Amino acid sequence: MFGKRADGAAQATPPKFAPIEPAKPAAAPVAPPPAAAAPAASATAAPAGTLDPARVAKAVRAPTQSAPPPGPVNDGRTEEYYRTKASIYNALIETIDLGQLAALDQRTARDEIRDIVNEIIAIKQVIVSVAEQEQLLNDIVNDVLGYGPLEPLLARDDIADIMVNGANAVFIEVGGKVTKTPIRFRDNQQLMNICQRIVSQVGRRVDESSPICDARLPDGSRVNVIVPPLALDGPTLTIRKFKKDKLRMKDLVGFGAISEPAGKVLGIIGAARCNVLISGGTGSGKTTLLNCLTGYIAPDERVITCEDAAELQLQQPHVVRLETRPPNLEGQGAVHMRDLVKNCLRMRPERIIVGEVRGPEAFDLLQAMNTGHDGSMGTLHANSPREGLSRMESMITMGGFSLPTKTIREMIVGSIDVVIQAARLRDGSRKITHITEVLGLEGDVIVTQDLIVFEMDGEDANGKIIGKHRSTGIARPKFWDRARYYGLEKELAEALDAADV
Ligand SMILES: Nc1ncnc2c1ncn2[C@@H]1O[C@H](COP(=O)(O)OP(=O)(O)OP(=O)(O)O)[C@@H](O)[C@H]1O
Ligand SMILES: [Mg+2]
């Protein structure tokens, strides 16, 4: 069938499954082909039939026509290593049938490639240590089957975001700090092919005619792709890495994102079924906080979540997860957040959780909140609780609901109990900066009251921000009665007392 394990029949059909840079002549890499991407340079070689020893021998003896100059070194890989990898990769591509490779499942394909690479190493008499051989095998398999230079980044769990701005600029965010990595792609075509591979997994396509696409990696990571002509410096890929072990409230307390008593107050807000809006800038930790709050939902409640890309991981047994759908290639079949939230109301939910409110669904969420779905939650982009509430208002106005401003504000104060503000501070740390209650309307103005705020005291010698979560001294928040109804008033009083330092 394929490679060593094949029966020998050569295939004339073009490969369905291309390596990362299938159709590009190896000749003219735009940029010096670097790092892990380098050896992919000659992936254009026509796929051949099966692996017979003569073929392998011929391939390995052939000069490595397009072995690219090695790129910047990273992860301890030397230039010599990249040269070796390039020549083995080229020999491999001449040997295997990519079409048949596509028909194999991932595991078998990996095994096949490993077998052939081992054989090439033996025939070429490449002198490598066992560890280097293993590294070679992994890198080559990643180049053929995976996401090439992105693979080592995807494998790291400490990375929050991977941002690729064209072939030569790959940034990562670790611990709140964004840094440039030495990783590069051979050229924009290789990067484009990886983008294509990612989005094709969710049945989509990116090219000049549809240059924007949202997708998801098999591990759940959220991906956005925008390509030329809209992105001027080459395909631009943004990946929000999926964290297998989601942060819990105790982790947030551990990181100092929230103080222990303030964390308890948040827990009570979740358990007492307050309607909550989580506001914050991009990447400030809104979804993480939302996920933490859902940890306080009782196991017997029916919860429905609506998201653009499923990120939440609720632990309760009775959860229905819904996801929006982008339009298909003909521009049809889109299902928007508003459709989902409206449909939710017919599904007998006890709580509705909206991953991100960004449009007219704001209206439906508010309606849900004040029509018996207490404890509903959502996140939105805003820089302060007050701004969050006015964003809510403008989303409703812009959604074409011709309601007077006062009516919209009445709806807002009648629905939202608490706004929690998340922020990423300039030292990269993420903090909950406000727990704010919505009290009511005074004239036309929404009145709010901060319960707990993060106060910055300064910064230490390393530029790390020093500060404290302080209670504003409110002993009886508006949701006190609600907490009492759920038997949580004693805990609430204690937590607020402890926060009052
Ligand atoms: N308090 C925290 N301390 C450390 N890391 C955190 C904290 N909160 C969130 N993170 C990490 O920060 C990254 C971004 O978090 P999250 O997805 O919750 O942000 P977001 O505000 O929802 O972003 P977006 O606006 O893109 O939806 C994640 O990798 C998450 O694990
Ligand atoms: Mg989010």
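Which residues of strand S10 are buried on one side, and which on the other? This is a predicted model, and the close-ups below start with that strand.

**View 1. Strand S10, covered on both faces.** S10 takes in residues 351-354. Arg351 and Ile353 sit on one side, Ile352 and Val354 sit on the other, and all of them are buried.

**View 2. S10 and its partner strands, S8 and S11.** Strand S8 (residues 303-307) pairs with S10 in the parallel sense, over 4 bridges. Look for isoleucine 304, whose bridge partner in S10 is isoleucine 352. S10 also runs parallel to strand S11 (residues 377-381), and 2 bridges join them. Here isoleucine 353 has methionine 377 in S11 as its bridge partner.

**View 3. Helix H2 crossing helix H5.** Two packed helices are described by the angle between their axes and the distance between the axes. For H2 (residues 79-95) and H5 (residues 130-145), the axes come within 10 Å and cross at roughly 55°. That makes H2 oblique to H5, and the crossing is right-handed. On the H2 side you'll find Tyr81, Lys85, Ile88, Tyr89 and Leu92, which meet Glu132, Leu136, Asp139, Ile140 and Asp143 in H5. Sort the residues of this contact and you get 6 nonpolar, 4 charged and no polar.

**View 4. Valine 227, in a loop but buried.** Valine 227 lies in the loop between strand S5 (222-226) and strand S6 (236-240). Why is it called buried? Because valine 227 has 22 C-beta neighbours inside 10 Å, and 20 or more is the cut-off. Leaving aside neighbours within four places in sequence, its contacts are Met192, Cys195, Val206, Pro211 and Pro235. Proline 211 is 16 residues away along the chain, yet the C-alpha atoms of valine 227 and proline 211 are separated by 5.2 Å.

Note on methods: Residues are numbered from 1 along each chain as its sequence is written. Chains are lettered from A and ligands numbered from 1 in the order in which they are written. This is a predicted model: local features need pLDDT of at least 70, side-chain atom pairs count only at pLDDT 80 or more; totals for chains, interfaces and linings use all residues. Axes are lines fitted to C-alpha atoms, for helices over the stretch in contact, and angles run from 0 to 180 degrees between N-to-C directions. Angles under 35 degrees count as roughly parallel, over 145 as roughly antiparallel, 65 to 115 as roughly perpendicular and the rest as oblique. A crossing is left-handed if the near helix is turned anticlockwise from the far one by less than a right angle, and right-handed if clockwise. Two residues are in contact if their C-beta atoms, placed from the backbone, lie within 7 Å. Ala, Val, Leu, Ile, Met, Phe, Trp, Tyr, Cys and Pro count as nonpolar, Asp, Glu, Lys and Arg as charged, and the others, Gly among them, as polar. A residue is buried if 20 or more other C-beta atoms lie within 10 Å of its own, exposed if 12 or fewer, and partly exposed in between; C-beta atoms are placed from the backbone. Two strands pair if DSSP finds at least two bridges between them.
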